[in-house]
Amino acid sequence: MVKFSNGMWWNADGVIIDWAVEAVKAEALNGSIRCVATSKHINHRGDTLNTPTLTVGCSSPTSDVLLLTGYHWKGSKETTRGPHYELFPGVDHQRLSANRQDSLSTSKTDTELKITTKSLSATIDTRPSSFSIDIKSHGVKNPMIASPGPDHLLTKLGWRSVGYVKKDTSAVLPSLSLANPEKGERWFTMQFQLSVGEKIYGLGERFGPFVKNGQAVDMWNEDGGTSSEKTYKNVPFFMSSRGYGVFIPYSGFVTFEVQSERTTRVNIAVPSESLSAYIIHGPSPADIIKRYTLLTGRPALPPPWSFGLWLSTSFTTSYDENTVTKFLEGMDKREIPVGVFHFDCFWQKGFQWCDYEFDEVNFPDPKGQLARLKEKGYNISVWLNPYIAQESKIFDEGAKNGYFIQKSDGSVWQHDFWQAGMAIIDFTNPAACRWYESKLEVLIDLGVDCFKVTFDIIEKRLGKNQAIVFARSTTAGGQRFPVHWGGDPMSTFEAMAETLRGGLSLGLCGYGYWAHDIGGFEGTPDPALYKRWFAFGSLSSHSRLHGSGSYRVPWLIDESGEADNVLKRFMDLKLSLMPYLYATAIKTHETGVPMMRPLFVEFPEDPFVWNVDTQYMLGANLMVVPVFSAEGTVQYYVPSGSWFGLLDGKLRQGPGFVTETHNFSSLPLLLRPGAAIVTRNDVPKGAQGRKHAVYDYSEEVVVVVNLASGLDVDLVVDVPDSHNLGTFSASLTIKGNEKKGTVEVVKGALKGRWSVKKVKSDSSYDLEVAVYGAKQLAW
């Protein structure tokens, strides 16, 4: 929390702010505008002396994006040294700029300086004592704004909105400033106006209120669990309900006061001589995310096996090879399909993390054990990080060769937190990177498929679309290296809800795939919480059973055996949805729009959904409503239309609220009106007698189409290829209504006997079955 004011009129104690007041130099350049603004009105030549200036510029690096820049002293090392976010990764930005067709232009008059595209503009008021910047949308209908026309103000930086802040400095005494120029703090601030009713979202994985208005948010990654204002994943990007987003490309400390200092503004500040802000136009939330992820990167496509159930040893529990074997045999006995086994920290010896070697006492034959697991069809994940304990077998090697972060005197920086005498690998050293990768390659050779934190080496060894990590800490751009999980929640329903809020906030920042510790991390979940959380977890993009001091296999949590059945039911459900889920995953990879998304991403025109944070869309067509109580009563909001319950076969009519009670084997899982998904009822078992997330998604499928309320549909549905990853094996068109229509395979083929389940207005459905090899089915 960083506040520079004491109310509206006064500065805080010790604070002096040089605000941009008056433009004294204005330039309309080729593709950009630039002005120099003084911190006071210039009455005469004498006022040009001893008057600080702020330089403000604006350009448009790509269509529907403005880059607003400001600086005080441009020669300061703080302004130029970085590190900097990698922008437009994998994009030929030069070609992108050359091919743009949005009529970018700049202009200058006696009163204003302007940069304009077909849909977006920034205008700097250059009249005396009138410095301000208006950001406007042009010619685009905004579903979130009640406007008489297509042009409207998105936001503005008005009176006292761009400034250079000096706190506890000697600025009031010039002679002291010369003697001690570094005293105190210096910040640059930009303050964006909020309109009436405007709401702010995002800023990383934040577990507090979903709507960020009224919150002070600092960008600084910390391990604070999920029950505090701290977070593992700070992303300096927010989205506005008014149809724009703002990204601050500053990798250090950034503070956002969202209506928490000035009640009509988002105040942004960095401890630097400069500040830049990308203003990203939508107007829809999905368009904002697409353009933001063009700028910062889109998520890699995870392999389909990663969508299966992950089972962990948990953290501080006692385990060895026998424990792992018994857990997996127990899950098989109960027909709960596990796809990935995760070895948490203590696969290595205590006090030796990390030496990247299995503890020979508990795991005397790691190569043989992993080979046996692989033969049974499991993928393998291991926990690790780049922290090297003093007792690690590789500490001396790393210290001798300069692979660790060093102090100014050249000695190794060490710490007793986490592991005694711990050093940290210096990833600015290419030789250290190669050394680190060499250690991980040994594990890959053993059969490890996934590490907790390292993506590149897996992709290098296993290939594109086969790499995955399970990472916790990240920032802007980290979405390129999935998957991320939500940190350490308590084992409570409240923590389950805050976990969802965190995931939805993170998804708005371009994180397409996300998971969480089912049942909570700290403590042991009671049976009711465990079963409810598992239903939610199975309908997340990725699903993992993991805890701290207790195991997460169902028979040790619920002796009644009901949890066994709940886990089997919901994992069978998830695997049956894989044709739809993996098609959604591919689109997420292509666009950046997350698999799990707030309702307003799909229904921005509905004003109520901007307040909803206890339900979500899983892809474009399924709405999921987790149940946050033992007794099972849930009230939720349904947008307009007739929504079909996949689990209970009932229709819900929106817009409006629905109140229902669900047993542990159920929750509201609703198919969108006029939408269709591809599923498979009888997911085949593999050679090991266990169902897997990877199977032929085009074989024996059921196309479920919601035609209730007499809707006429004209849809295209893609069926993903589970082997040629990132491609589709078939495309279908669906046209018609509940009385007459067709489903046609227009590309590729559907294998075996496929069928269409048509949901009708009375909530009943007809099942139409195609003959083998059919390309079309009509009714």
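**Close-up views of a predicted model**

View 1. Strand 32 and strand 33 (residues 616-618) run antiparallel and are joined by two bridges. Within this pairing, arginine 597 has methionine 617 of strand 33 as its bridge partner. Like everything shown in these views, the pairing is taken from a predicted model. The two strands belong to an open sheet of six strands, whose order is 32-33-34-37-35-36 and whose pairing is antiparallel. Strand 32 (596-597) and strand 36 (651-661) are the edge strands of this sheet, each pairing on one side only.

**View 2. The packing of helix 11 against helix 12.** Helix 11 (residues 527-538) packs with helix 12 (residues 562-576) at an angle of about 10°, and their axes lie 9 Å apart. Because angles under 35 degrees count as roughly parallel, the two helices are described as roughly parallel to each other. Helix 11 contributes Tyr530, Lys531, Phe534, Ala535 and Ser538 to the contact, and these residues meet Glu562, Ala563, Val566, Leu567, Phe570, Met571 and Lys574 in helix 12. By residue class, the contact of helix 11 with helix 12 comprises eight nonpolar, one polar and three charged residues.

View 3. Alanine 583 is found in helix 13 (residues 578-591), and it counts as buried because its relative accessibility is 5%. When neighbours within four places in sequence are left aside, the residues in contact with alanine 583 are Met578, Asp718, Pro720 and Phe728. Threonine 727 is 144 residues apart from alanine 583 along the chain, yet the C-alpha atoms of the two residues are separated by 8.9 Å.

Note on methods: Residues numbered from 1 in each chain as written. Predicted model: local features only at pLDDT ≥ 70, side-chain atom pairs only at ≥ 80, totals over all residues. Heavy atoms only, no water. Axes fitted to C-alpha atoms, helices over the stretch in contact; angles between N-to-C directions. Helix = DSSP H or I, 4+ residues; strand = E, 2+ residues; numbered from the N terminus. Parallel < 35°, antiparallel > 145°, perpendicular 65-115°, else oblique. Contact = heavy atoms within 4.5 Å. Nonpolar A, V, L, I, M, F, W, Y, C, P; charged D, E, K, R; others polar. Pairing = 2+ DSSP bridges. Buried < 20%, exposed > 50% of the residue type's maximum accessible area, 1.4 Å probe, protein only.
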